[in-house]
Amino acid sequence: MAEEKKKSTWGYVVVWVVLVVLTVVTWILGTKMKLGPYSLPTSLGIAMVKTVLVAMFFMHLVEPRGARRAVLPVSVLFLSLLLGVSLLEAMTRIRMARPDGIQEELGPKRAGRAVGH
């Protein structure tokens with residue numbers, strides 16, 4: 001028989017406290033502090049750390065041996081490739097030109113409110 005390891009509750013409590021602290025930090029960064037262009041990468045970085053903590057400890061991905069340990073890194077790799085290529089495509093779009101030569105920018109037309117209502 002294989003000897004089972006005794007799982008400590010304190011490890012889960014510590015991970016939970018770290019998750020709560022990171023959630024509060026994310027809330028403070030989003031509401032109180034204005035980081036400008038760095039707010040999105042900072043929030044995504046914190047979210048990635050929280051995701052890894054949940055996956056490793058609460059989903060027990062830290063315990064298995066062999067190929068099952070590769071699930072999280074491979075998933076993160078493919079997700080980052082998907083997001084990276086999508087962001088790269090969105091950042092390199094050119095502004096659409098109007099075929100009729102009018103110089104005003106294309107965008108959704110917003111209907112004005114009728115006067116007198």
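Good morning, colleagues. Before I continue, a word on the basis of these values. This is a predicted model, in which local features need pLDDT of at least 70 and side-chain atom pairs count only at pLDDT 80 or more, while totals for chains, interfaces and linings use all residues. Residues are numbered from 1 along each chain as its sequence is written, and side-chain values use heavy atoms, with hydrogens and water left out.

Let me turn to confidence. The pLDDT is the predictor's confidence in each residue, from 0 to 100. The protein averages 80, and 74% of the residues score at least 70.

Next, the overall arrangement. The protein has three helices and zero strands, in the order α-α-α along the sequence. Helices (H or I, at least four residues) and strands (E, at least two) are DSSP runs, numbered from the N terminus. If contact means heavy atoms within 4.5 Å, then 50% of the contacts between residues at least 6 apart in sequence join residues at least 24 apart.

The surface deserves a brief remark. The accessible surface of the protein comes to about 10600 Å², and carbon and sulfur atoms account for 69% of that area. These areas come from the Shrake-Rupley method with a 1.4 Å probe, and for residues only the protein chains shown count as cover. A residue is buried under 20% relative accessible area, exposed over 50%, and partly exposed in between. Of the 117 residues, 9% are buried.

I now come to helix α2, residues 39-58. Its 20 residues reach 28 Å from the first C-alpha to the last, close to the 28 Å expected. The buried residues of α2 are I46, L53 and A55, and they pack against α1 (9-31) and α3 (71-91). A47 also has its place in helix α2, but A47 is partly exposed, at 34% relative accessibility. The C-alpha atoms of A47 and T23 are 8.6 Å apart, although 24 residues separate the two along the chain. After α2 comes H60, whose phi is positive, near 60 degrees.

Which residues of α1 are buried? They are V15, L19, L22 and L29, and their cover includes α2. In soluble globular proteins, nonpolar side chains tend to be buried together. Here the largest nonpolar core has six residues, namely V15, L19, L22, L29, I46 and L53. Such a core is a set of buried Ala, Val, Leu, Ile, Met, Phe, Trp, Tyr and Cys residues joined through side-chain atoms within 4.5 Å. Helices α1 and α2 each supply at least two residues of this core, and α1 gives the most, with four. Leaving aside residues up to four places away in sequence, V15 touches L53, F57 and F58.

Finally, the aromatic rings. Rings of Phe, Tyr and Trp (its six-membered ring) pair if their centres lie within 6.5 Å; planes under 30 degrees apart count as stacked, over 60 as edge-to-face and the rest as tilted. By this rule there is one aromatic pair. Y12 and F58 form it, stacked at 5.8 Å centre to centre, with 25 degrees between the planes. Y12 lies in helix α1 and F58 in helix α2, so the pair ties together parts that are 46 residues apart in sequence. Y12 is partly exposed, with a relative accessible area of 25%, and F58 is partly exposed as well, at 35%.

Thank you for your attention.

Note on methods
The expected span of a helix is 1.5 Å times one less than its number of residues. Buried means under 20% relative accessible area, exposed over 50%, partly exposed in between (1.4 Å probe, protein chains only).
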